[in-house]
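These are my notebook entries on a single model. I set down what I looked up, entry by entry, with the criteria I applied.

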Amino acid sequence: MFDVERVANELIEWLKDRVKEANAKGIVLGLSGGVDSAVVAAAAKKAFPDDTLGIIMPCYSNPQDEKDALLLADRLNIRYKKVVLDEVYDSLLRAVGSTGNENRLALANIKPRLRMTTLYYHAALLNYLVAGTGNKSELTVGYFTKYGDSGVDILPLASFVKHEVWELARYFNVPEEIINKAPSAGLWENQTDEKEMGITYKELDEYILTGKATERVRNIVDELNRKSQHKREMPKIFVPSSK
Ligand SMILES: Nc1ncnc2c1ncn2[C@@H]1O[C@H](COP(=O)(O)OP(=O)(O)OC[C@H]2O[C@@H]([n+]3cccc(C(=O)O)c3)[C@H](O)[C@@H]2O)[C@@H](O)[C@H]1O
Ligand SMILES: Nc1ncnc2c1ncn2[C@@H]1O[C@H](COP(=O)(O)OP(=O)(O)OP(=O)(O)O)[C@@H](O)[C@H]1O
Ligand SMILES: [Mg+2]
């Protein structure tokens with residue numbers, strides 16, 4: 001049973017504890033206009049009313065995402081800053097000698113890694129922690145960029161599947177248009193999580209929560225989970241036989 005009010009209150013206390021434990025002052029996170037960052041921002045704002053900073057970081061992104069991020073910041077009165085990464089992205093591609101035609105993910109994954117770097121600059125500047133927004137559904141199938149959007153200090157939503165995140169979003173008064181939009185990493189035009197994963201969140205969440213799934217869904221999820229195991233672990237450490 002998912003008691004949303006209780007979970008939300010525990011989450012807010014958990015955020016306070018993690019920040020205190022780190023001798024930090026607050027929380028910084030990327031505000032994408034999507035529901036995961038909306039929920040983390042809402043909880044962080046409750047925990048740290050004066051020390052929550054959302055950063056909007058378009059990198060050749062859909063302009064609607066920025067509008068949604070601004071709508072959220074306005075609705076929940078969240079302090080925000082905009083950092084445009086288009087030029088940095090172009091400049092990095094030039095520096096590495098990219099033709100711009102390499103495999104799509106090699107290029108696209110640069111975007112979350114530039115965002116991670118931007119967030120850590122602000123974290124160090126303000127003595128804040130970087131909050132990630134990854135949820136249990138994404139983590140299970142490795143649907144995130146290693147050291148990109150997963151390069152964070154704390155993961156407030158990692159125990160919740162996407163449907164639970166939607167419930168938390170309603171509880172936190174996140175605008176309906178943000179809750180209703182198709183989840184997307186926003187790395188290229190018309191990208192959606194469900195299209196790329198080849199399964200729906202309904203199927204994925206049901207499998208995670210109950211173990212029930214068609215053979216097709218089970219095969220896809222099990223394979224994605226196996227292939228992404230390295231992303232959920234520390235890098236393997238070489239230990240010489242003499243040690
Ligand atoms: N067995 C192994 N042991 C240790 N390391 C291993 C490894 N296999 C690959 N690797 C390393 O991992 C790299 C591949 O992983 P990674 O770079 O993450 O890349 P990859 O998993 O290929 O792509 C990231 C996926 O996450 C999605 N995404 C990204 C960002 C945000 C969101 C979102 O929902 O917002 C979704 C994106 O659309 C894409 O489907 C390889 O280049 C290699 O360096
Ligand atoms: N344009 C952006 N500006 C700032 N942060 C971003 C941007 N795009 C992605 N991010 C960060 O990366 C995180 C991962 O993206 P992801 O798409 O999984 O979450 P979301 O956009 O919040 O929700 P949804 O999965 O429903 O789209 C975001 O929550 C946000 O913190
Ligand atoms: Mg998104």
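**Entry 1: the shell around ligand 2**

I found that helix 2 gives the largest share of the shell around ligand 2, three residues. Helices (H or I, at least four residues) and strands (E, at least two) are DSSP runs, numbered from the N terminus. I note that this is a predicted model, in which local features need pLDDT of at least 70 and side-chain atom pairs count only at pLDDT 80 or more, whereas totals for chains, interfaces and linings use all residues. Residues are numbered from 1 along each chain as its sequence is written, while chains are lettered from A and ligands numbered from 1 in the order in which they are written.

I counted 21 residues around ligand 2, with Gly30, Gly34, Asp36, Ser37 and Pro183 the closest. A residue is taken as near a molecule or strand if its C-beta atom, placed from the backbone, lies within 6 Å of it. At least two shell residues come from each of strand 1 (26-30), helix 2 (35-47) and strand 2 (52-56). By class I recorded nine nonpolar, eight polar and four charged residues in this shell. Here Ala, Val, Leu, Ile, Met, Phe, Trp, Tyr, Cys and Pro count as nonpolar, Asp, Glu, Lys and Arg as charged, and the others, Gly among them, as polar.

**Entry 2: ligand 1 and the annotated site**

I then turned to ligand 1, which 16 residues surround; the closest are Leu105, Thr145, Lys146, Ala185 and His230. Its shell holds six nonpolar, five polar and five charged residues.

Which positions does UniProt label "binding site"? The unreviewed entry gives Arg113, Lys146, Asp153, His230 and Lys231. UniProt positions are in the numbering used here, feature names are shortened, and annotations may be inferred rather than shown by experiment.

I checked two of these positions further. His230 is in the segment after helix 12, and it counts as exposed because it has 11 C-beta neighbours inside 10 Å. The cut-offs are 20 or more other C-beta atoms within 10 Å of a residue's own for buried, 12 or fewer for exposed, and partly exposed in between, with C-beta atoms placed from the backbone. Lys231 also lies in the segment after helix 12; with 14 C-beta neighbours inside 10 Å, Lys231 counts as partly exposed. Leaving out residues up to four places away in sequence, Lys231 touches Gly142, Lys146 and Ser150, where contact requires C-beta atoms, placed from the backbone, within 7 Å.

**Entry 3: Phe144**

Is Phe144 buried or exposed? I recorded Phe144 as buried, because 22 C-beta neighbours lie inside 10 Å. Phe144 sits in the loop between helix 7 (136-141) and helix 8 (162-171). Beyond four places in sequence, Phe144 touches Gly134, Glu138, Asp149 and Ser150. From C-alpha to C-alpha, Phe144 and Gly26 are 24 Å apart, with a separation of 118 residues in sequence.

**Entry 4: helices 11 and 12**

I looked up how helix 11 (residues 201-210) meets helix 12 (residues 215-227): their axes come within 10 Å and cross at roughly 75 degrees. That makes the two helices roughly perpendicular. Angles under 35 degrees count as roughly parallel, over 145 as roughly antiparallel, 65 to 115 as roughly perpendicular and the rest as oblique. Axes are lines fitted to C-alpha atoms, for helices over the stretch in contact, and angles run from 0 to 180 degrees between N-to-C directions. Glu203, Leu204 and Tyr207 of helix 11 make the contact with Val217, Arg218 and Val221 of helix 12. Of these contact residues, four are nonpolar, none polar and two charged.

**Entry 5: loops and backbone angles**

Asn77 is a residue other than glycine with a positive phi, near 55 degrees. Asn77 lies in the loop between helix 3 (63-76) and strand 3 (79-82) and is exposed, with 9 other C-beta atoms within 10 Å. Asn190, not a glycine either, has a positive phi of about 65 degrees. I located Asn190 in the loop between helix 9 (176-180) and helix 10 (193-197).

Gly97 follows helix 4 and has a positive phi, near 75 degrees.

Conventions:
Contact = placed C-beta atoms within 7 Å.
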